[in-house]
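Trainee: Please take a close look at the aromatic rings of this chain and at what surrounds them.

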Amino acid sequence: MIGDEAKRMRSVLLTFLDPHALERNIERMDLATQNHIRTCWEGVNSVANNIPGTRFHCAVKAADAIREELRLLARQRREALDKKMASPTQDLLSHLLVTSYAGGKFLSELEIVDNILLLLFASHDTTTSAITCVMKYLAELPEVYRMVLKGVLLKWEDLQKMRYSCNVVSEVMRLLPPVRGGFREAIVDFTYAGYTIPKGSKLIWDPGSTHMDPILFPEAEEFDGSRFEGAGPAPNSYVPFGGGPRICMGNVYARAQILVFLHSIVKRFEWDLSTPDEKLVYDPMPTPSQGLPVHLRPHQSSV
């Protein structure tokens, strides 16, 4: 999606992804996270089905199945909106169904379904990778864990106060950015590091290389959340979500998800890594090779 079409879609989606929209959902996110931890972490195990076939084939089948579910939900919601049984502003699905753009046109059902599916994928895998890496570093750095535990609160305004936790999450994503890069196209001729890059060239940017630049981040290989205190890193040097007009639309949402999870898990448990030297693989996001097994220990007064 490029040009005006991309701008149009961003403006539609950002209505439900900016801080004001997220503010009213933080408590719901917190309750859902706590419920997940109670049911899936505290004594209940589930076994995943092993479907034969390649990963890609399975992914395509899964995406098709999800699309059908989303189509059904979209049709049910449209009917509810027509009957005044749902609000046009209650969530992103309603918003996409009722919002028109230039010329009074509305998004097609396929456009709505594909964008919901995109958001489900983009907000799940990258955030899961980031949360996994946060748990890895908190297990390896008990002094950081203790400082995070001190700051556990929760409502939207409390997220703004969790400065130390925010800094820890930012530092984890500096060291292990969940996305390893993205593609761009040069819109003008330019010169970089002695090379001439002609207009139209396809480029790839790599946040990992930028984040490990010792000029931008002294002692770049060391974990140091204090880098993000005060004014923080120089503009466009910290880019786990990209930057500029194409910055990830869900970056505020992703940070909120991670902090909500951090709140729920740290206030209930401390943990050790079962395999301290477990290797990270990129698939394509940083993923512990064995899934990061941990030994959970509930706090005596966990709530």
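This is a predicted model: local features need pLDDT of at least 70, side-chain atom pairs count only at pLDDT 80 or more; totals for chains, interfaces and linings use all residues.

Mentor: Residues are numbered from 1 along each chain as its sequence is written, and side-chain values use heavy atoms, with hydrogens and water left out.

A pair of aromatic rings is described by the distance of the centres and the angle of the planes. Rings of Phe, Tyr and Trp (its six-membered ring) pair if their centres lie within 6.5 Å; planes under 30 degrees apart count as stacked, over 60 as edge-to-face and the rest as tilted. The count by this rule is three aromatic pairs. One of them, Tyr-137 with Phe-223, is tilted, at 5.1 Å between centres and 35° between planes. Tyr-137 belongs to helix H6 (residues 109–140), whereas Phe-223 is in the loop between helix H10 (207–211) and helix H11 (251–266), 86 residues apart. Helices (H or I, at least four residues) and strands (E, at least two) are DSSP runs, numbered from the N terminus.

Tyr-145 and Trp-271 form an edge-to-face pair, with centres 5.4 Å apart and planes at 85°. Tyr-145 lies in helix H7 (residues 142–150) and Trp-271 in strand S7 (residues 269–273), so this pair ties together parts 126 residues apart in sequence. Buried means under 20% relative accessible area, exposed over 50%, partly exposed in between (1.4 Å probe, protein chains only). Tyr-145 is buried at 6%, as is Trp-271 at 5%.
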